Amino acid sequence: ELLLRMEDPKGDCDDFTMGGCCLAISLGMKAKFVAVALEPEQPERFSHIFAMVLDKIDGVWQWVNIDASHGWCAGCEIDGQFRRYEREL
């Protein structure tokens with residue numbers, strides 16, 4: 001709740017992901033967490049997390065990225081991911 005009311009929101013990707021998933025679930029949507037490892041120096045370490053929601057687009061159910069984070073890796077659906085972990089909520 002505080003994150004949504006802040007004048008200048010502060011937090012990292014897991015804070016924004018949790019907020020996005022809570023909003024989506026409160027609207028009756030299915031949501032999931034996606035953690036990715038993006039750093040060549042540490043390919044075993046998950047370096048970013050974002051949310052995806054299940055939405056019907058042109059009559060087809062699809063998982064859609066709703067990365068609400070900030071910084072260099074917002075929207076981290078990129079080539080070259082070292083690892084990826086998904087967890088539906």
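Predicted model: local features only at pLDDT ≥ 70, side-chain atom pairs only at ≥ 80, totals over all residues.
A residue counts as buried when its relative accessible area is under 20%, as exposed when that area is over 50%, and as partly exposed in between.

Four strands make up an open sheet, and reading across it you meet them in the order β3-β2-β1-β4, with antiparallel pairing. On average, neighbouring strands here are turned by 25 degrees against each other, if you ignore direction. As background, strands of a sheet pair through backbone hydrogen bonds, either parallel or antiparallel.

Now zoom in on one pair. Strand β1 covers residues 31-37 and strand β2 covers residues 48-57; they run antiparallel to each other and are joined over six bridges. If you want a spot to look at, find A31, which sits opposite V53 in β2. Helix α2 (residues 13-26) packs on the sheet, where it touches β1 and β2, and its direction makes about 25 degrees with that of β2.

**The salt bridges**

There are three salt bridges in the structure.

| Lys or Arg partner | Glu partner | N to O distance |
|---|---|---|
| K32 | E86 | 2.5 Å |
| R84 | E86 | 2.8 Å |
| R45 | E39 | 3.2 Å |

Take K32 and E86. K32 lies in strand β1 and E86 in strand β4, so this pair links distant parts of the chain, 54 residues apart. What is the relative accessibility of K32, and is the residue buried or exposed? The value is 8%, and because that is under 20%, K32 counts as buried.

R84 is partly exposed, at 35% relative accessible area.

R45 comes out as partly exposed at 39% relative accessibility. E39 is at 21% and also counts as partly exposed, because the buried label needs a value under 20%.

Definitions and conventions: Residues numbered from 1 in each chain as written. Heavy atoms only, no water. Pairing = 2+ DSSP bridges. Helix = DSSP H or I, 4+ residues; strand = E, 2+ residues; numbered from the N terminus. Axes fitted to C-alpha atoms, helices over the stretch in contact; angles between N-to-C directions. Contact = heavy atoms within 4.5 Å. Salt bridge = Lys/Arg side-chain N within 4 Å of Asp/Glu carboxyl O. Buried < 20%, exposed > 50% of the residue type's maximum accessible area, 1.4 Å probe, protein only.
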